[in-house]
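I opened the notebook to record what I looked up in this structure. The entries follow in the order I made them.

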Amino acid sequence: MKIYLDTANLGEIREAARWGILSGVTTNPSLMAQEEGADFEDTIRTICGLVDGPISAETVSEDADGMVAEGVEFAAWHPNVIIKVPATLQGLEAVSRLARRGIRCNVTLIFNTNQALMAALAGAFVVSPFIGRVDDMSYDGMELIREIAAVFDQNPEIRTQILAASIRHPRHVTESALAGAHIATCPFGVLKKCMKHPLTDLGMASFLADWRKREARMALAAATAG
Ligand code: G3P
């Protein structure tokens, strides 16, 4: 499973890109709204220069014509730009029209398997089930990933990838991989937590303490010999 970063914050993207694990970035209007004063086009173009992989830019029109117009505009910014459209009937039409022009789409706000199937049939490059928000409603977000993966597997003509979104904690990342997601898009904080383990910290502290003791002993031995 590949890892994307779910943010529009350039500082976070620069830092995570250095870790060598990022295959793409997803943004959305709420994430952009957190970057006060940032220009959308500049932000997307900058992200494309930082991460070599699909970069999702979301449309804000509510009708297919508007989504297609935005999609065509965003796709011209960089070959890696993927157009995010919502899982609505207007969104389906936009995906099929954009796909016919060779523009890749990420169908977002997926909350059931039928939405994922229809998005795939319309020609979506990826579908984004929002697992955290499903969990928030007391349903099982991971079951949604498993169900979509089973349906896609039974239909070999479907090439659409499953992108687990609305990831809230490291366990979501592991479970998404086990459930059959091709990609998990993670907030920066979740990615950092994925590499955190108290036994790693304790082990490092003990290795370094032993090394310093060894150096002290060797220095003492050298001084005594001299
Ligand atoms: O990738 C979608 C994500 O940004 C939404 O996350 O935590 O607001 O449900 P959340």
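How far does a polar side-chain atom of Ser166 lie from an oxygen atom of the ligand? I found 2.7 Å, a polar contact being a pair of N or O atoms within 3.5 Å, where within protein one must be able to donate a hydrogen and the other to accept it, and residues adjacent in sequence count only if both atoms are side-chain atoms. The protein covers 79% of the 310 Å² of accessible area that the ligand has on its own (Shrake-Rupley method, 1.4 Å probe).

I noted how the model was handled. It is a predicted model, with pLDDT of at least 70 needed for local features and 80 or more for side-chain atom pairs, while totals for chains, interfaces and linings use all residues. Residues are numbered from 1 along each chain as its sequence is written, and side-chain values use heavy atoms, with hydrogens and water left out.

An N or O atom in the side chain of Asp6 is 2.7 Å from a ligand oxygen. For Asn28, a polar side-chain atom lies 3.0 Å from an oxygen atom of the ligand.

Last, I turned to the chain as a whole. Along the principal axes, its C-alpha atoms fill a box of roughly 85 × 35 × 30 Å. I counted 11 helices and 8 strands (DSSP runs numbered from the N terminus: H or I of at least four residues, E of at least two).
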